[in-house]
Amino acid sequence: MSRRVVGFLNLFNSPNLGPLTEKRTLGSTSFLGRFALMDFALSNFTNSGIDDFNILVKDNFRSVSKHVGSLKTWVNNTKIARQNILINEKGLKNPKVNTDIECLLNNDWVLYETKADAIVVQPAHIVSTLDIRPLLEQHFESDADITIVYSHIDNADESFSTSNILTIKDGNVISLKKNNGKSKTANVSMETYVIGANTLQRILHDSDYLKCKSLKEAILKFVVNKSARVKAYEYKGYVRCFDSFQHFVDYSFELLNYNIAKNLYGKDWPIYTLTHNTAPAKYGFNSNVSNAFIANGASVDGTIKNSIISRYVEIGKGAVIEDSIILTGTYIDPGAVIKHAVIDKYCHIASTAKIEGKKTSPIYLEQGTFYK
């Protein structure tokens with residue numbers, strides 16, 4: 001008998017990316033000029049054959065809805081697919097109860113209607129190309145209550161600062177603890193879980209688990225409960241945890257390196273995003289571009305080096321853009337100079353402007369800024 005699986009993209013408990021996430025969720029934050037960070041988890045569902053998925057939204061609902069549209073971008077079979085954006089209406093009035101557990105509880109109709117045998121939960125801030133199919137196979141064969149996906153990394157002292165570290169014995173998770181940054185090598189949780197239907201019902205209706213502030217905390221409680229079967233599943237592909245503004249910048253630029261980017265992009269693992277049917281990028285006679293991502297709809301007549309240019313960005317004659325990220329709809333007048341900066345959407349940079357940050361401390365301009 002086939003198993004019924006429902007996916008949940010969890011936008012609760014996302015780290016703060018500084019000014020980038022003041023007015024938008026981390027999941028809807030622009031990445032590489034044409035994607036949003038949530039696209040990678042949603043594409044994991046799609047590429048793994050999971051067309052029944054939901055997005056759990058804590059706040060900034062507008063930015064999520066604007067990006068995903070009808071959600072049909074991530075669907076293989078439009079006849080049987082189901083997708084929903086879920087909010088906790090009680091939590092909007094009372095932030096103390098605005099948790100992912102409460103959001104699931106207040107939208108449990110999804111679980112009843114789909115009659116799911118298990119759910120798969122992914123976050124938006126941990127980007128990977130996870131094939132969920134072998135994960136599910138292991139979960140069901142092991143008869144686990146919960147399976148936690150982890151990655152073995154050698155820079156845990158610098159990354160995955162918001163994640164837990166797993167201690168594993170014979171495939172079982174015997175402890176979870178917060179990454180304190182003291183160990184370089186570690187098995188870090190990717191905050192991706194497969195949870196059995198009965199186990200999830202226990203979390204949603206057992207008073208001990210309802211007291212938890214997050215699903216992540218509830219799973220920690222299950223690990224402490226030695227009678228529960230919590231298994232580990234190792235993921236060995238490309239993975240990055242976007243847990244700070246600086247990491248957002250660093251991980252964006254590292255993908256300008258083909259040897260790294262080829263681990264994220266693959267012919268057999270496409271990354272889907274909302275399309276805009278815009279014209280190709282336009283390059284003027286004075287354009288000089290090297291090592292850059294230029295999105296469709298952009299217009300370039302200046303110099304661009306080691307930078308990421310989003311849709312509908314216009315760069316005038318003689319402007320210089322180096323080591324910078326320019327988000328959608330920004331106008332850069334002729335002669336402007338921008339180095340080591342992140343320019344948010346719909347900004348206007350005057351021809352007299354010189355914006356020069358540093359690699360370790362890029363300058364940020366908020367959405368809609370006129371800079372001269």
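A nonpolar core here is a set of buried Ala, Val, Leu, Ile, Met, Phe, Trp, Tyr and Cys residues joined through side-chain atoms within 4.5 Å; buried means under 20% relative accessible area, with a 1.4 Å probe and protein chains only. The model is predicted, so to speak of local features takes pLDDT of at least 70 and side-chain atom pairs count only at pLDDT 80 or more, while totals for chains, interfaces and linings use all residues. Numbering runs from 1 along each chain as its sequence is written, and side-chain values use heavy atoms, leaving out hydrogens and water.

**View A. The largest nonpolar core and Met38.** This core has 61 residues, and Leu9 and Met38 have the most contacts inside it. Its largest share, 5 residues, comes from H1 (helices, H or I, are DSSP runs of at least four residues and strands, E, of at least two, numbered from the N terminus). Beyond neighbours within four places in sequence, Met38 is in contact (heavy atoms within 4.5 Å) with residues including Leu9, Leu11, Val64 and His67.

**View B. Helix H1, residues 38-47.** Here 10 of the 10 residues are buried, so the helix is largely enclosed by the rest of the structure. Among them are Asp39, Phe40, Asn44 and Phe45. Gly49 follows H1, with a positive phi near 85°.

**View C. Helix H6, residues 132-142.** Ile132, Leu135, Leu136 and His139 are buried. Down the axis of H6, the buried residues fall within an arc of 95° (taken from the directions from the helix axis to the C-beta atoms), so they line one face of the helix. Their packing partners include H1, strand S1 (5-10) and strand S8 (146-153).

Technical notes
Buried means under 20% relative accessible area, exposed over 50%, partly exposed in between (1.4 Å probe, protein chains only).
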